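Biologist: I am new to this structure. Please take me through how to read its features, one at a time.

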Amino acid sequence: MEERAADIKLPANSDVALVLVLYNPSADDLHNVTQLSMRYEGVIVDNSDEDNFDGREVNRMEYIPLHGNHGIAEAQNVALRNILARGRAHYAVFFDQDSRYQEGYPLKIAAYFEQTASLLPNIAALGPTVITNDTEEEYRSVFHDDRYLTSDFIVRRDIISSGCCISTAVLNAVGLLDESLFIDFVDTEWCFRAQSKGYIVGVTPRVKIKHKVGLGEIHIGKHIVSIAAPYRYYYQYRNFLLLLSRGYVPLQFKINFGIKLLCRFFYLPFMIKNGWKSWQNMARGIADGIKAILSK
């Protein structure tokens with residue numbers, strides 16, 4: 001699904017390191033990871049209870065099992081610290097275990113990052129255009145329109161980590177991911193923190209990936225609402241309240257997403273499977289978020 005790859009200069013393989021997190025992967029996921037490890041360097045961090053590979057190397061990648069679910073942020077940080085300590089790679093590219101990319105994807109997204117940085121040197125992260133697995137529609141925000149800064153770069157408020165490319169120089173300047181958030185809003189918070197330091201983030205329309213966000217979607221008018229596993233709603237609501245107290249988080253996000261979560265609290269449990277369990281997790285997340293704020 002990549003376009004115009006022939007007219008960009010690809011970086012060397014050694015310039016790019018993959019960050020790949022596993023959690024109870026399928027046999028197909030493990031096969032995909034093994035194939036990637038044959039071509040690219042990087043770090044595989046495993047949040048599963050049991051090891052999925054023998055030894056501490058999978059072809060060209062290092063394998064680090066955590067023997068339990070430590071959250072996406074901590075797992076990604078383990079990989080990033082390892083990559084930064086090596087000091088070889090200029091770019092880190094984040095992969096989800098269940099996302100599938102065409103041949104050469106890591107080098108292509110890094111090449112577009114490099115191309116964009118030549119025009120916009122304050123770019124912090126570049127992601128692909130994300131297409132839904134089932135409907136092949138683009139995931140779009142309800143609250144903003146695309147704004148092109150170059151013909152190949154659309155500035156965004158925040159981007160998801162799947163398929164995202166970040167330069168190691170920016171990681172050193174902005175810092176690693178916030179492990180207290182565990183899973184939801186981890187990538188969002190990092191984007192806001194980067195922007196508070198003068199950086200920008202965005203996506204390129206020249207590279208596209210298919211990706212499934214959550215367990216599925218429901219359509220409300222022209223908008224797609226992703227359905228998460230019930231436990232994820234706890235982190236969504238708790239973490240949103242945690243972000244409310246942070247000055248670098250944009251006011252527009254606080255208002256827009258606050259309205260979205262408030263509405264979902266009342267309608268979503270009636271429209272999805274396990275709605276009561278999801279609602280309970282929303283309520284628990286709100287309670288714990290308020291406790292965390294008051295404890296400070």
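Modeller: Start with the labels. Helices are DSSP runs of at least four residues, numbered from the N terminus. Keep in mind that this is a predicted model.

Biologist: In which helix is Ile-259 found?

Modeller: Ile-259 is found in helix 7, which covers residues 251–267.

Biologist: Is Ile-259 buried, partly exposed or exposed?

Modeller: The cut-offs come first. Buried means under 20% relative accessible area, and exposed means over 50%. Ile-259 has a relative accessible area of 44%, so it counts as partly exposed.

Biologist: Now the open spaces. What is the volume of the second largest pocket?

Modeller: A pocket is an open set of grid points, while a cavity is a set the probe cannot get out of. The second largest pocket has a volume of about 200 Å³.

Biologist: How many residues line that pocket, and which lie nearest its centre?

Modeller: The lining of the second largest pocket has 14 residues. Nearest its centre lie Leu-36, Tyr-40, Tyr-101, Gln-102 and Glu-103. By class, the lining splits into six nonpolar, five polar and three charged residues.

Biologist: Which helix gives the most to this lining?

Modeller: Helix 1 does, with four residues. Helix 1 spans 27–39, and helix 3 spans 105–119; each supplies at least two residues of the lining.

Biologist: Let us turn to the backbone. What is the phi of His-67?

Modeller: His-67 has a positive phi of about 55 degrees, although it is not a glycine. His-67 sits in the loop between strand 4 (61–65) and helix 2 (72–86).

Biologist: Where does Asn-274 lie?

Modeller: Asn-274 lies in the loop between helix 7 and helix 8 (275–295). Its phi is positive too, at about 60 degrees, and Asn-274 is not a glycine.

Biologist: Why is Asn-274 classed as partly exposed?

Modeller: Asn-274 is partly exposed because its relative accessible area is 44%. That value falls between the cut-offs of 20% and 50%.

Key. Residues are numbered from 1 along each chain as its sequence is written. This is a predicted model: local features need pLDDT of at least 70, side-chain atom pairs count only at pLDDT 80 or more; totals for chains, interfaces and linings use all residues. Side-chain values use heavy atoms; hydrogens and water are left out. On a 1 Å grid over the protein atoms alone, a cavity is a set of points where a 1.4 Å probe fits but cannot get out, and a pocket is an open set with protein on both sides within 12 Å along at least five of seven lines; lining residues have an atom within 4 Å of a point. Grid points are joined across faces, edges and corners, and a volume is the space filled by probe spheres set on the points. Ala, Val, Leu, Ile, Met, Phe, Trp, Tyr, Cys and Pro count as nonpolar, Asp, Glu, Lys and Arg as charged, and the others, Gly among them, as polar. Buried means under 20% relative accessible area, exposed over 50%, partly exposed in between (1.4 Å probe, protein chains only).
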